[in-house]
Amino acid sequence: MEKETRLQRIIFHLRREWQIYAMLLPTIIWFIVFLYKPMYGLQIAFKDYSIFRGVAASPWVGLEHFEHLFSNDQFIRAVWNTIKISALNLVFGFPAPIILALMFNEILHATYKKTAQTIVYLPHFISSVIIAGIVITAFSPSVGIVNTVLGWFGIDSIYFLTKPEWFRPIFVGTGIWQEAGFGSIVFLAAIAGVNPSLYESAVVDGANRWQMMWRITIPSILPTILIMLIIRIGNIMEVSFELIILLYQPATYETADVVNTFVYRQGLQSGRYDFAAAAGLFNAVVAFVLVMVANTLSRRYSRTSLW
Amino acid sequence: MMNWNLYSRGDKFFAIVVSILIGMFTVATLYPFIYIAAVSFSSGFAAQAGKVVLTPIDSTIEAYKYILVQPDFWISYRNTFIYTIGGTVMSLLFIIPGAYALSRPQLFGRRFFNLFIAFTMWFNAGIIPFYLNMRDLSLLDSMFGIILAFAVNAFNIILLRNFFEAIPQSFEEAARMDGANDFQVLWKVFIPLSKPAIATITLFCIVARWNGFFWAMVLLQSQEKIPLQVFLRHTLSNLSDDDEFAITQLEAAYSAETVTAAIIVCSIIPVLLVYPWIQKYFEKGILLGGVKE
């Protein structure tokens, strides 16, 4: 019997299975062209890039852009703002869907529950432009309902969106309004998975609903809470900058400008591509490290990795 | 387990308090939409005086009349449909065969290809290199560019791949016996069995496309190519600074705010129309996404 060579085996395999490679090929090409090629383009963070010379032909400048970056007050401010907004999101935005899910779990009336859920999930599907439109209208000094209500109490009209101290509360509050309902789905699913016999024996022991929530429901969904918390920490550098671009203005840059909006202004609006790419690279590397740490943690605590 | 008649007085009190709190949150969620709708049907004067709270004041449809006669509004509306339908079809054309191939045990280098795709979830080159790449590809200001460049993402492929992997082999074997090739197995066995997962991904794509704004704003320059979200953004940022508009509105029964509100209403309506259908799938979809690998 003839001995197959490695090459023959590969040819035989390809001849038999060529179809799955044909199906995979477009996707692989897409990833190379649209996601990996930009990674190659990231080298402009270390170059004096000009559009006319292109990525490859632009001369190297080493860490010059990063030196400028770390002595740039606006960039430092943007990094801190990113962290501060994420921290506020974590402190106020993270518990909101959990509390909501626990409350939904206590509602007996099925129709009431279903209707409320249908409504609170809705804002998740609304675009950030519309959300911004609603916020701008509601907080406007003349038209806005917020100032109308303040007026009832004799408080003078405040132009909220020009006040740096109001930007973060409005932004984080909007995020909770938009995502808390939808975020509760994951926790409701976890609650649905709790073993019913735990509650049955608690009833026999004379526990009330409040005690059952604290002693059974919350401990049972703790792994889910932990995993979601880890994901959140991994995404600290990812602030929904689309909404910030729509809501901020020079008067509020002080508290509103995050790394991605800084990149957008420096790169796409002022044409400092190389400098902005350096800022973006910094953000991407920090985010990558955070996600890796998060995944390691979640593996340790839950045995299942996040992906 | 939960039975009102077995509840103690304390439990009943607790349940009622919770129901009220949920009711308040629900109303708080709904209220901004009602408020915007009320503003859109109010006169410009009433809106500017801050009189609108719950219902339209000096009811009028002038703001809608102003919007609905603008050709740019309709062009952007049409474009949004093109991006949504074209983009979703494009996504499925890549994602379904790609996920199928990645789910096959006999795929050589399967681990590598999976990692190759998953890596893009953790590391992203960022805004600037992506933009310059689009420039190099001559896809700036191109409708096809928008449809193609945002067609695939790692999350959707992995979600569907996991679903395909969970399909028992026995389903496939019968088709193989009849001499079906991979394309036929995918089409006749995997796709029909994966309807919930494919519906979920279709839904994710539709929502992302309908709402997509940032890259459309950055990449598209021609007025006749922009989607509704970008048109809305232009209106939001321009209307109040536009002197010509300020002059016309002196004699008109609309204002920048009522017009903005009217555009918001017009762009939410399609979302509301498909929402019941969306809702059927997304709870399932979220949970599919939660059980990765």
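This is a predicted model: local features need pLDDT of at least 70, side-chain atom pairs count only at pLDDT 80 or more; totals for chains, interfaces and linings use all residues.
Residues are numbered from 1 along each chain as its sequence is written, and chains are lettered from A in the order in which they are written. Local features need pLDDT of at least 70 and side-chain atom pairs count only at pLDDT 80 or more, while totals for chains, interfaces and linings use all residues.

**Exercise 1.** Describe how α4(B) packs against α11(B).

Step 1. In chain B, helix α4 spans residues 71–103 and helix α11 residues 195–211 (helices are DSSP runs of H or I, at least four residues, numbered from the N terminus).

Step 2. The angle is about 145 degrees and the axes are 9 Å apart; axes are lines fitted to C-alpha atoms over the stretch in contact, and angles run from 0 to 180 degrees between N-to-C directions.

Step 3. Residues in contact have C-beta atoms, placed from the backbone, within 7 Å. Among those of α4(B) are B:Y83, B:G87 and B:I95, and α11(B) contributes residues including B:C205, B:R209 and B:W210.

**Exercise 2.** Locate the domains of chain A and describe their contact.

Step 1. The domain assignment (automatic or from a database) gives domain 1 as 6–57 and domain 2 as 64–302.

Step 2. Their centres, taken over C-alpha atoms, are separated by 35 Å.

Step 3. Six residues of domain 1 are in contact with six residues of domain 2.

**Exercise 3.** How many residues does each chain bring to the contact of chain A with chain B, and which helix of chain A gives the most?

Step 1. Chain A brings 81 residues and chain B 85 residues.

Step 2. On the chain A side, helix α1 (residues 6–41) gives the most, with 16 residues.

Definitions and conventions. Helices (H or I, at least four residues) and strands (E, at least two) are DSSP runs, numbered from the N terminus. Two residues are in contact if their C-beta atoms, placed from the backbone, lie within 7 Å.
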